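Work through the exercises below with the sequence and coordinates open. Each task is followed by a solution in steps.

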Amino acid sequence: MKQRYKTLFYSSLFTLALGVTSCEDYLDKDPDTTVDAAAAFQNFNNFQGFVEEIYNCIPDKTNCYWTTSFNWGDDEIMNTNADWHMTHQVDLGNFWAWQAGGMGEDGCWLDAKRDCDPTSNDRMNHRLWPHAWYCIRKCNLGLANLDQMVGATQEERDLIAGQLYFFRAWWHFELMEYLGGLPYIDQVLESEGLTLPRLSFQEAADKAAADFRQAANLLPIDWESTTAGSHTAGQNDLRINKIMALGYLGKTYLWAGSPLMEHGAQTGGAMTYSYNTDYCQKAAEAFGELLNLVESGQTQYALAQFEYDDIYNHERSATATSCFSDIFYTTGQNWELPGSVEAIFRGPAFGINISPYQAAKTYGPKGGIVPDDNIIHMPTANYVNLYGMANGYPLDDPRSGFDPTHPFRDRDPRFYHDIVFDGFEYINASVGADMAQYKYSQLYTDGNVRNDNTGSRTGYFIQKLSPHTVNTYDKMMDYNHSLQMYVPYMRLGDIYLMYAEACAAINGATGKAGNCSLTAEDAINRLRDRVHMDHVPADLTSNKETFMDEVRRERAVELSFEGFRFCDLQRWLLLTEYPYNVKTSQEFERVESDEWYTENDPRDAEVRKWREEVILTRNFTSKHYWFPLKNDDTYLYEGLNQNPGW
């Protein structure tokens, strides 16, 4: 039986026992941490076993606790029973909550109140902070011992070194997204003490970029084409390759050139369109190199098809060879790890038949409809408003044709794929009279699934990352459906978006890299072509700032609920600014009878008194552009300063 829910290909011959939870722990050295180089690094198989443990450490942010949260921008709100979750703590301005012990529970993928064992197959034992320092040390140990590999081919040496350079940069970069610039640890540190200076974000980004570039130079596009990879044929899709390295090289440069990193934390949003164009040019060139390889058919990656016979139920067309929904979850595919042809960087999934219950507990209404914990993630109305019209215009543009009496008509096709709205057939199975009223979601004001604790606070639910049929009656979470859920860290759609942003920052809609024929506008239209909607209207491309607004809106829609929004608002200097600091609900009354929905498409429903109401306002100041460092670490030595305001 082919079960690809976990990916550990080479046996690790030993365990590097570093129970690392802070910068200080990075320096701890005892006899158990001494690696036997003669055994560990003597040949490719052993060395690769050493590297494999780093893959095992990549957190699965969707499954790292019974219920978890990873959307902390203006995109999502949770029911009141989930106030302990990181999402709500961010709403309160309690950014200390990312740290273990900062919340009532253990549901943040950045840190944990448990020992995180890098060799564990338990999904809950893998978090970013503790594993980052452990893995960075492993990378430095490996790079320092490359010459110990005896009898290795040049290909094997390049594969080992390329993976280590990539991971050293990746773990640093993931921490920097939330904490800002850090010491860049590129050597094996001993117990004399950590004295490396804390770098600015841009200084640390330069070092990470150098490592990503080196990785890209050393690694193949596809391990399947290598001699070493032939020994694990068909199981190489998670292995670090040139495309992953180029993607993160471009992302590192784009982040370094973004307004926050260029101008520092400030409220007012005045600098939101002001990028460092030198960094953006470097980002565009890295993405351009990647996209040339993709568009010329030299890679294993492509945009997954958006072809559905039934878009509401994510039923793919019989003629489609790939599927957009498969990026995030798979069903009936023997526990195949999601990703389809589009996911570029993912980690392993831990266990099977776990994520269906995570999905069931996370996205749907309770009260007998969806089983298990009373935890609900739901989209905010202000975020759903970013899903514009099929003609390419945003809702608030008079030329969009948006009609508040028929608000669900002619929307961006991704709206119907991602969002559960009023009248949506939530339960497909036949139900008794006692549940008939719940079959077609009553998401209007005072509808039967509109409440703060067991229903929707906003008038919408999410179904992008898992099907709405994960419910008590359709039973998609049952074992026989082999539903597997995973949200990738990077996918090809994101590459087109980041390329467009980098180019737009340089020269608006016509901006392009010197090594790629695509303009910023072309890149955005690739994604709109995929979902069969109109291109960016010409009158939105002539002004550089107006076009950048469209790039950002496209990014919000295409990458919705995938964990990117908080860091985007942060780096654009919009986290503190209205309307990005509010979360709203959609209020309205139904015109149609309940029976009308049994025979008609809910997109055509008429409503009245369409209005938006503010649920909460996030009172952020400039200090909220970065999470606070752990206090214990800031006491280690002079120069490792706490982030301002904390």
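**Exercise 1: Met149**

Solution. The model is a predicted one.
- Step 1. Met149 sits in the loop between H5 and helix H6 (154-179).
- Step 2. Setting aside neighbours within four places in sequence, the contacts of Met149 are Phe41, Gln42, Asn43, Phe44, Phe47, Glu156, Arg157 and Ile160.
- Step 3. For a pair separated in sequence, take Met149 and Ala39: they are 110 residues apart along the chain, and their C-alpha atoms are 9.8 Å apart in space.

**Exercise 2: Arg137**

Task: Find which helix holds Arg137, and state whether this residue is buried or exposed.

Solution. 
- Step 1. Arg137 belongs to helix H5, which covers residues 128-144.
- Step 2. The relative accessibility of Arg137 is 3%, so this arginine counts as buried.
- Step 3. Arg137 and Gln187 are separated by 50 residues in sequence, with a C-alpha to C-alpha distance of 8.0 Å.

**Exercise 3: Backbone geometry**

Task: Check the phi angles of Asn334 and Asp410, and the omega angle of the bond from Tyr578 to Pro579.

Solution. 
- Step 1. Asn334 is not a glycine, yet its phi is positive, at about 55°. Asn334 lies in the loop between strand E4 (329-330) and strand E5 (343-345). With 28% relative accessibility, Asn334 is classed as partly exposed.
- Step 2. Asp410, also not a glycine, has a positive phi of about 60°. Its loop runs between helix H13 (381-384) and helix H14 (413-418). A relative accessible area of 53% makes Asp410 exposed.
- Step 3. Omega is near 5° for the peptide bond from Tyr578 to Pro579, and this bond is cis. Pro579 is located in the loop between helix H18 (565-571) and strand E11 (582-590).

**Exercise 4: Overall dimensions**

Task: Compare the radius of gyration of the protein with that of a compact globule, and describe the chain as a whole.

Solution. 
- Step 1. For 646 residues, a compact globule would have a radius of gyration near 26 Å; the protein has 24 Å, which agrees.
- Step 2. Along the principal axes, the C-alpha atoms fill a box of roughly 75 × 55 × 50 Å.
- Step 3. The secondary structure consists of 19 helices and 12 strands.
- Step 4. Buried residues account for 64% of the 646 residues.
- Step 5. Of the contacts between residues at least 6 apart in sequence, 70% join residues at least 24 apart.
- Step 6. The accessible surface is about 21800 Å², and carbon and sulfur atoms contribute 45% of that surface.
- Step 7. There are 53 positive and 91 negative charges, and the mean positions of the two sets are 0 Å apart.

**Exercise 5: Confidence**

Task: Find where the confidence is lowest and where it is highest.

Solution. 
- Step 1. The mean pLDDT of the protein is 91, and 92% of its residues reach 70 or more.
- Step 2. The lowest confidence is in helix H1 (residues 23-27), with a mean of 37, and the highest is in helix H9 (residues 242-257), at 99.

Notes. Residues are numbered from 1 along each chain as its sequence is written. This is a predicted model: local features need pLDDT of at least 70, side-chain atom pairs count only at pLDDT 80 or more; totals for chains, interfaces and linings use all residues. Side-chain values use heavy atoms; hydrogens and water are left out. pLDDT is the predictor's confidence in each residue, from 0 to 100. Helices (H or I, at least four residues) and strands (E, at least two) are DSSP runs, numbered from the N terminus. The radius of gyration is taken over C-alpha atoms; the globule rule is 2.2 Å times the number of residues to the power 0.38. Buried means under 20% relative accessible area, exposed over 50%, partly exposed in between (1.4 Å probe, protein chains only). Contact means heavy atoms within 4.5 Å. Accessible areas come from the Shrake-Rupley method with a 1.4 Å probe; for residues, only the protein chains shown count as cover. Lys and Arg count as positive and Asp and Glu as negative; His and the chain ends are not counted. The place of a charge is taken as NZ of Lys, CZ of Arg, CG of Asp or CD of Glu.
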